[in-house]
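Hi,

Here is the structure I promised to pass on. Have a look at it first, and then read my notes below.

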Amino acid sequence: MTDNAKAARKKKIAHAVMWIVLLALFLCFIFPFLMVIINVFKDKVDIIRDPLSVIGATKGFILTNFPKAMQKMNFWTAFTNSLIITVCSTILTIVVSSMAAFVIVRNGNWKFCTIIFSLMIASMVIPFQVLMVPLVSVYGGTLGVLNHRLTLILMHTGFSVSMAMFMFHGAIKTNIPLELEEAATIDGCNRWQTYWKIVFPLLKPTVATVAIINAMAYWNDYLLPSLVLTKKELYTIPIATQAFYGTYSTDIGLVMAALLLAMLPILILYVFLQRYIVEGVTSGAVKG
Amino acid sequence: MKKTAKRQNWTDLFLKTNTLSYKIKQYLMFAGPGTALFLCVVIVPFIYGLYLTFTSWDGVSKTKPFVGFENFSAAFSDSAYWSAMLRTVIYSVFAVVLINVVAFALAYLVTLGIKGQNFFRSGFFVPNLIGGIVLGYVWKFVFNRAFVAIFNSTSLLSTPKGAMFCLILASVWQYAGYMMLIYVAGFMSVSKDVKEAAFIDGCTSGQAMMHVTIPLMRSSFVQCIFLSITRCFVVYDVNLSLTKGEPFGSSVLAAMHVYNQAFTYKNYGLGQAEALILFIVCAVVGVTQVMIGKKGEVEA
């Protein structure tokens with residue numbers, strides 16, 4: 001056996017060992033999901049008796065947890081609310097912050113823009129906890145606009161404008177040559193047309209990144225929605241799950257179904273958009 | 001640079017785009033809505049929040065009595081707050097270290113070129129897709145039922161130390177996959193040539209990792225540690241769903257204490273003052289970390 005072949009063999013064995021290590025780690029990572037999945041088809045008596053068995057000992061394999069949980073947590077209402085809020089907030093964030101980034105980049109030597117830009121960057125370190133009390137007292141107490149989906153959408157957007165603007169700022173500055181805009185101007189576009197017909201289409205990769213990061217954050221957010229939406233018919237999925245757990249925590253079969261239902265939409269989306277989500281999150285994290 | 005500046009002047013000349021009123025119009029048209037939302041949701045509440053810390057408002061009454069620095073002195077002598085803060089620091093130290101160690105190890109394993117590494121990469125990221133509330137309940141079930149059945153013991157969540165351990169474990173599980181992606185990007189950015197040069201110079205793979213790859217990935221470390229610190233310091237939803245501060249309020253972290261202070265006990269001014277202190281501590285720790293980290297950055 002030559003040295004090369006030996007090295008190759010050694011590498012192969014090392015890889016096989018690493019593969020087993022990875023598989024073990026992977027199983028650890030999905031263990032909680034597995035627990036939910038095997039228990040969701042069991043009655044609560046069976047779950048309490050043996051949470052590890054795949055099929056319940058007394059009642060066997062049952063599907064009734066799902067419809068019950070769905071009905072009791074108002075799943076479809078919560079799902080619709082979450083969907084409306086996530087989609088609208090994401091679109092609004094993209095539109096509003098990419099336009100802001102455009103004007104701020106192109107007026108880079110105007111003092112006012114620099115001040116707004118630095119203010120937005122500085123504000124990114126403020127945690128939500130510092131803003132929640134005044135937010136509730138201004139918009140709940142003084143203005144009384146809580147309990148509207150639109151309020152939450154606008155608030156979501158307001159909180160993510162700075163981060164999204166920062167990402168668009170970088171993209172416009174490095175990727176969009178000024179000459180392109182000048183050409184459009186010469187061809188008779190005004191600023192508005194130039195932006196929507198020339199600049200925005202070129203920002204697609206950044207749009208995808210911003211959309212993915214923000215959509216995930218909006219979908220999963222709990223604290224802000226729980227402060228803004230206190231009426232049952234406006235609950236989003238995280239709030240509905242929390243409320244459901246508070247009432248039915250003893251009926252553990254239903255809890256399992258509710259948890260699975262809460263996770264399912266985003267997991268299904270992940271199966272289809274996996275590559276984009278991983279790429280989007282990576283580039284978002286590395287730039288941000 | 002000079003050329004573009006000159007060209008801009010030409011368009012300015014013909015289209016009269018350099019006047020202040022034109023600039024303001026442009027700004028309002030493009031950045032108006034964004035700036036307005038940002039100011040309404042972030043800046044106004046921030047300033048109003050500063051004002052609230054000087055009042056003893058209860059959240060209901062119309063008057064907001066001015067009390068000066070009373071809230072801050074009350075916050076400094078609030079022992080429940082400081083023990084929550086201490087717990088947050090302990091939790092953050094363990095969680096940040098573990099998150100980064102696990103994430104780095106995972107990133108190393110999934111960049112070796114093993115078959116199916118993309119599958120593993122996406123798999124490890126899955127916990128990050130799920131919100132803190134839902135995953136807290138999932139882990140609660142695992143700790144209360146599954147682990148009890150497997151190890152035949154009482155639930156970890158019923159003891160103070162156990163509850164903290166559960167919180168740390170759940171957080172590591174949640175964030176490791178996310179940080180892994182950043183480390184993977186870091187591994188990819190270290191060029192093969194540099195590593196090969198190290199091997200030719202006689203490095204073992206361990207040495208190459210210690211002396212070449214890790215120093216070059218320093219910015220990834222700085223970033224991951226910053227992200228995990230700032231997230232761990234203000235964690236709330238996992239805390240709420242997994243332990244709810246139980247047993248006997250022994251796992252209440254700072255963010256939860258602030259929430260309860262303001263919204264449960266209706267001490268809005270005090271709660272706001274405590275939130276502000278939490279923010280300052282968090283910002284100081286985060287910024288110091290970044291400054292120390294950036295100092296020793298090297299380039300290949």
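Ala101(A) is buried, because 29 other C-beta atoms lie within 10 Å of its own and 20 or more is enough to count as buried. Bear in mind here and below that this is a predicted model. You'll find Ala101(A) in helix 4 of chain A, which covers residues 75-106. Leaving aside residues up to four places away in sequence, Ala101(A) touches Met165(A), Phe168(A), His169(A) and Ile172(A). Trp219(A) is another matter: 118 residues along the chain from Ala101(A), with 25 Å between the two C-alpha atoms.

Is Val287(B) buried or exposed? Val287(B) has 12 other C-beta atoms within 10 Å, so it comes out as exposed, the limit for that class being 12 or fewer. Val287(B) is part of helix 13 of chain B, residues 268-295. From Val287(B) to Thr230(B) is 57 residues in sequence, and in space 10.0 Å from C-alpha to C-alpha.

The crossing of helix 4 of chain B with helix 10 of chain B is right-handed. On the helix 4 side the contact is made by Thr88(B), Tyr91(B), Ser92(B), Ala95(B), Val96(B), Ile99(B), Asn100(B) and Ala103(B), and on the helix 10 side by Cys224(B), Ile225(B), Ser228(B), Ile229(B), Cys232(B) and Phe233(B). Sorted by class, the residues of this contact between helix 4 and helix 10 of chain B are 10 nonpolar and 4 polar, with no charged ones.

From helix 7 of chain B come Ser171(B), Tyr175(B), Met179(B), Ile182(B), Tyr183(B), Ala185(B) and Gly186(B), which meet Ser220(B), Gln223(B), Cys224(B), Ser228(B), Arg231(B) and Cys232(B) of helix 10 of chain B. The tally for helix 7 with helix 10 of chain B is 7 nonpolar, 5 polar and 1 charged.

Next, the domains of chain A. Domain 1 takes in 3-65 and domain 2 takes in 66-287. Between the C-alpha centres of domain 1 and domain 2 of chain A there are 34 Å. Each domain of chain A puts 12 residues into the contact. On the domain 1 side, helix 1 (3-39) and helix 2 (44-49) of chain A each supply at least two residues. That side of domain 1 of chain A, where it touches domain 2, has 6 nonpolar, 3 polar and 3 charged residues.

Last, the two chains together. How many residues does the contact take from chain B and from chain A? There are 70 from chain B and 71 from chain A. Helix 2 of chain B (residues 20-52) gives the most to the chain B side, with 19 residues. Where chain B touches chain A, its residues split into 50 nonpolar, 14 polar and 6 charged.

Cheers

Definitions and conventions
Residues numbered from 1 in each chain as written. Chains lettered and ligands numbered in written order. Predicted model: local features only at pLDDT ≥ 70, side-chain atom pairs only at ≥ 80, totals over all residues. Left-handed = near helix turned anticlockwise from the far one by under 90°. Helix = DSSP H or I, 4+ residues; strand = E, 2+ residues; numbered from the N terminus. Contact = placed C-beta atoms within 7 Å. Nonpolar A, V, L, I, M, F, W, Y, C, P; charged D, E, K, R; others polar. Domains from an automatic or database assignment.
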